[in-house]
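Subject: Structure handover

Hi there,

Here is the structure I promised to pass on. Please open it alongside this note, and I will walk you through what turned up.

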Amino acid sequence: MKVAIVGASGAVGQEFIKVLNSSSLPIEELRLFGSERSAGRIYTFRGKSTAPVQVLGADSNAFDGIDFAFVSAGADVSRKYSDLITSGGALMIDNSSAFRMDGDIPLVVPEVNGDDALNAPRNIISNPNCTTIQMVVALKPINDISPIRRVHVATYQAASGAGASGMEELAEQTAQIVHGEAPTVRKFVDRLAYNLIPHIDVFTENGYTREEMKMHFETKKIMHAPSLEVSATCVRVPVMRAHSEAIWVETERHVSVDEAREAFAKAEGVVLLDRAEALGYPMPKDVADTDPVYVGRIRVDLANANGLSFWAVADQIRKGAALNAVQIAEYITSHGRRR
């Protein structure tokens, strides 16, 4: 199998290399692509040095023979180069927002709607937004018990959601404040260190940010539930890595806490950590650099007879980006549908 990574030198691109290194995919060649700034860089993959990073678009035949192309270089790059990437028969698994809501491009979380990946007429599959991925993994076990009517979610999103530069800025600001200096603000709309910013992506006409609307629309598509009501508030928090979500769901019938715990304990991709005591719940510091979605603080919603509340934490660079994309490729391969 021949695999490509576009955006190889970015935070998600580097995570792709790490995830693929331990993947079951039988990779015999890994091609890396990036901007002129990252051209020529060499990385280690499965104990060997990779070929130098190539400039994307410099060679019209660069993707010939590629089976899977993992793309994480932004929506503009994905739109501009999708025809080139797929021209040689490669299946493009795209981590940007470019194609997520296109009707003929599947939006896939393997634990939830893996079979959708088997029908990709344009040779493109979209990786959902990181916050959506971890939420729908947690929603599915409950939805399997009783269909979910509505979801409210408040996210607590780490600096790493803004890439390597976001993490660097949080570390820089923290050091500056400790030393009595004015913090430098470049990546975020305001200082993130010792602060919360209820503003991720741009605001839309209805007062929600685009990040919040991604969760609204993407959840419906992934879960094949156009009538599902989803409302989100997305907040950037001074955590380096791993997103957290407080989730409230209303189901068609009452689902008990015991039923929910049992479902979470058996669910694919979920780790149940739900003890009613100190430290009996998942936290970002413990979840960073891990694969599952961790769920805890499960309880009855006191404001809704058919409601449950719970807390979910996941590493959004892994499950929220690189890992989910690689799992899509593994799902396709295991089901006999490799490009």
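One cut-off first: a residue is called buried here when its relative accessible area is under 20%, exposed when that is over 50%, and partly exposed in between. Please also keep in mind that this is a predicted model.

With that cut-off, Asn-123 is buried, because its relative accessible area is 12%. This residue sits in the loop between α3 (110-113) and β8 (124-126). For context, most residues other than glycine have a negative phi. Asp-201 is another non-glycine residue with a positive phi, of about 70°. You will find Asp-201 in the loop between α5 (164-178) and α6. Is Asp-201 buried or partly exposed? Its relative accessibility is 25%, so Asp-201 counts as partly exposed.

Now for the overall picture. The protein chain holds 9 helices and 14 strands. Its radius of gyration is 20 Å, close to the 20 Å that the globule rule gives for 339 residues, so the chain is as compact as a globular protein of that length. Along the principal axes, the C-alpha atoms fill a box of roughly 60 × 55 × 45 Å. Of the 339 residues, 54% count as buried. The accessible surface of the chain is about 14,700 Å², and carbon and sulfur atoms account for 50% of that. If you look at contacts between residues at least 6 apart in sequence, 66% of them join residues at least 24 apart.

On charges, there are 35 positive and 42 negative side chains, and the centres of the two sets lie 2 Å apart.

Val-249 shows how the parts meet: leaving aside neighbours within four places in sequence, its contacts include Leu-139, Ile-142, Val-151, Leu-308 and Phe-310.

In α1 (residues 11-21), the buried residues are Val-12, Gly-13, Glu-15, Phe-16, Ile-17, Val-19 and Leu-20. Their cover includes β1 (2-6), β2 (29-34), β3 (44-45), β6 (68-71) and α9 (318-334).

The other helix is α4, where Ile-133 lies. Ile-133 counts as buried because its relative accessibility is 0%. What surrounds Ile-133, apart from its neighbours within four places in sequence? Its contacts there are Val-109, Asn-127, Pro-128, Lys-319, Gly-320, Ala-321 and Asn-324. Ile-133 and Gly-320 are 187 residues apart in sequence, yet their C-alpha atoms are 5.8 Å apart in space.

Happy browsing, and do write back with any questions.

Best wishes

Technical notes:
Residues are numbered from 1 along each chain as its sequence is written. This is a predicted model: local features need pLDDT of at least 70, side-chain atom pairs count only at pLDDT 80 or more; totals for chains, interfaces and linings use all residues. Side-chain values use heavy atoms; hydrogens and water are left out. Helices (H or I, at least four residues) and strands (E, at least two) are DSSP runs, numbered from the N terminus. The radius of gyration is taken over C-alpha atoms; the globule rule is 2.2 Å times the number of residues to the power 0.38. Buried means under 20% relative accessible area, exposed over 50%, partly exposed in between (1.4 Å probe, protein chains only). Contact means heavy atoms within 4.5 Å. Accessible areas come from the Shrake-Rupley method with a 1.4 Å probe; for residues, only the protein chains shown count as cover. Lys and Arg count as positive and Asp and Glu as negative; His and the chain ends are not counted. The place of a charge is taken as NZ of Lys, CZ of Arg, CG of Asp or CD of Glu.
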